[in-house]
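Student: Hi! Could you walk me through this one? I'd like to start with the charged pairs.

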Amino acid sequence: MREMPHKIASHERDGQVILKKKGRTKYFILLSVGEEFMGMINMAGGVSAPKDPTKKRSAVYLMLDDVIEGRLREDGKYAEICFLEGRVAPKLSSIMPDMPGEMATKLQTCAGLRKYVYSIGIAAIAEEKENIGRNIAFTLNCRGKEGYGGTNYHAIVPLDGTQVEIILSDYPENALDTVLASCYMEFPEYMTAKMTIAFYLNDGYQVPELILDAPVDFESEAYQQMIARSFIQEGNLSRLKSAIRKARAGEDVTLAYIGGSITQGAGAKPIATNSYAYRSYQAFRARFGAGDGSNVHFIKAGVGGTPSELGLCRYKKEILDEAGGNVDIVVIEFAVNDAGDETNGVCFESLARMAAAGPGHPAVILLFSVFMDDSNLQERLIPIGECYDFPMLSLKEAVTLQFYAKQPVITKRQYFYDLYHPSNEGHRIMADCLDYLWERAEESLNFSGEEKELDIDKPPVYGNTYQDLKVFTKTDAEEGIEVEPGDFGQTDHELQYVERNENAFATPEFPENWMHGGAGENPYRITLTCRDLLLVYKDSGDLKFGKVQVLVDGVQTRIIDPVEVGWNHCNAVIVYRSEAAAKHTVEVRMEEAEKYFTILGWGYTK
């Protein structure tokens with residue numbers, strides 16, 4: 001236990017023992033939210049009753065025992081970043097559904113924070129015993145009107161359950177503050193911890209007391225029924241059964257997962273071992289792997305904030321090349337990422353056909369994740385699975401209805417880490433849904449009869465325009481493609497980083513690229529034969545990046561603004577479509593020569 005400060009007074013707040021120190025920073029020994037207070041351990045080791053009670057403040061919770069992970073970032077620091085813009089209200093309401101909706105909405109803004117909140121309490125405890133008592137640096141970032149130049153609320157938080165309180169009145173009001181932007185937690189090295197963030201309310205404001213969720217019973221019959229509801233379609237299991245037979249025979253079998261941030265593992269802590277992808281791969285390996293299971297291999301190719309349009313551009317390099325040519329099972333997860341798909345399903349269907357018809361002729365599984373608002377795009381994507389008889393699993397079907405039951409198997413607060421991503425419990429449920437498919441396929445092995453092969457060449461539902469998409473970057477253009485970089489001759493190293501496969505560390509997407517570095521008016525130019533053309537470029541939150549014009553054979557086809565989205569990640573857009581392949585000259589021109597722009601790669605069809 002930490003040494004207690006001198007001249008302290010204690011009182012009780014929401015089941016917590018509070019140690020009040022002179023000055024404006026207060027320290028609290030957390031028992032747990034809702035735990036009955038049994039007294040305070042004094043210096044001599046005995047127990048004494050609390051003294052000098054002070055007014056108990058009502059509290060709302062932004063985090064409640066959420067697992068955070070100090071992952072190595074591209075800047076060399078170990079940190080967890082929780083983005084808050086547009087996410088505060090649903091997060092508060094998911095933890096405390098009875099709190100006033102107006103308060104939850106206004107607490108997304110800096111003005112609302114100052115209006116309602118007296119102080120912010122932050123507590124964390126290391127999950128690794130050897131790290132208990134070490135410190136992390138916590139910052140709540142406010143966005144200023146011109147970017148991230150707003151107020152930063154700081155605290156040093158010990159990883160022993162001691163809560164540190166930030167008094168908002170200690171920080172001058174800043175007229176430029178707009179919304180709560182992010183929480184940033186910097187660690188001394190890689191580790192994980194559980195964190196609670198409480199907003200203690202100003203005088204005159206009250207919310208209903210927090211009622212804790214019952215623990216999830218993963219062994220219950222109700223849980224198994226929930227998992228079974230994820231099945232939209234068992235589909236044709238012939239390819240999956242073939243992979244199982246190979247694995248049991250000791251042959252090499254590769255499971256590959258491609259999708260957005262959920263497939264990357266966002267919300268899972270640690271991200272490398274608690275993602276649904278890794279957990280379902282481990283379940284397959286345990287069921288079917290020969291000997292120690294080392295003949296079963298794992299590829300994870302999830303990239304945050306990206307749709308199937310970019311997945312098409314990544315499939316060969318990040319799945320096939322990584323696997324050495326052949327894969328046996330491909331799980332595709334883009335049901336919550338494809339809202340901005342400019343082809344309304346053609347890219348997703350092209351990716352599914354690309355995988356199913358490609359090397360290894362793998363079993364393709366469509367996995368539909370769900371957002372906290374119960375939404376996904378499965379109604380658009382289900383016809384694709386029905387057409388090709390792919391197995392289809394939906395988390396929306398599994399969990400959303402039971403969220404509103406009197407006694408849910410799992411609550412929204414437990415399932416979601418934030419507005420978009422599952423928690424460790426959510427990732428486990430996703431993995432268990434896939435493991436249920438593994439089990440169903442195993443059971444079907446016992447039934448004799450002719451197995452019908454998939455028909456991948458049937459007429460598409462939406463289209464298969466990009467099924468044979470080819471991709472090149474700075475170092476791997478095919479013969480016949482001419483590149484004149486002009487003033488786009490630099491290489492951008494400030495890229496989107498992702499954790500791949502079983503790695504806990506992140507590596508960059510599209511490291512071989514062309515960047516315009518803020519000087520020169522000479523355009524980037526390529527000459528190639530193509531039918532359709534996609535440009536992969538970097539979105540950025542840095543205002544030094546600026547718009548470009550894309551011209552094909554001298555005709556402008558697109559204006560691209562890389563700061564429109566506002567954060568650093570990969571994006572792919574269609575810049576040219578036609579009915580037949582022909583030779584074209586394509587130019588990318590800066591609208592302002594002093595701005596930056598990064599071309600990550602090109603995708604084209606013939």
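Tutor: Happy to. By the distance rule used here, the count comes to 28 salt bridges. Keep in mind that this is a predicted model.

Student: OK, what does Arg413 pair with?

Tutor: Arg413 forms a salt bridge with Asp213, and the closest N and O atoms are 2.9 Å apart. The pair links distant parts of the chain, 200 residues apart. Arg413 sits in helix H13 (residues 412-415), while Asp213 is in the loop between strand E14 (192-201) and helix H4 (221-228).

Student: And is Arg413 buried or exposed?

Tutor: Arg413 is buried because its relative accessible area is 18%, and the cut-off for buried is under 20%. Asp213 counts as partly exposed, at 26%.

Student: What about Arg287 and Glu439?

Tutor: Their side chains meet in a salt bridge at 3.9 Å, N to O. Arg287 lies in helix H8 (residues 276-288) and Glu439 in helix H14 (residues 424-444), so the bridge ties together parts 152 residues apart in sequence. Arg287 is partly exposed at 30% relative accessibility, and Glu439 is partly exposed at 29%.

Student: Switching topic: how many residues are in the largest nonpolar core?

Tutor: That core has 51 residues, and those with the most contacts inside it are Leu107, Phe138, Met185, Met195, Ile197 and Phe199. Apart from it lies another core of 50 residues, including Leu255, Tyr257, Ile262 and Val399.

Methods. Residues numbered from 1 in each chain as written. Predicted model: local features only at pLDDT ≥ 70, side-chain atom pairs only at ≥ 80, totals over all residues. Heavy atoms only, no water. Core = buried A, V, L, I, M, F, W, Y, C linked by side-chain atoms within 4.5 Å. Buried < 20%, exposed > 50% of the residue type's maximum accessible area, 1.4 Å probe, protein only. Salt bridge = Lys/Arg side-chain N within 4 Å of Asp/Glu carboxyl O. Helix = DSSP H or I, 4+ residues; strand = E, 2+ residues; numbered from the N terminus.
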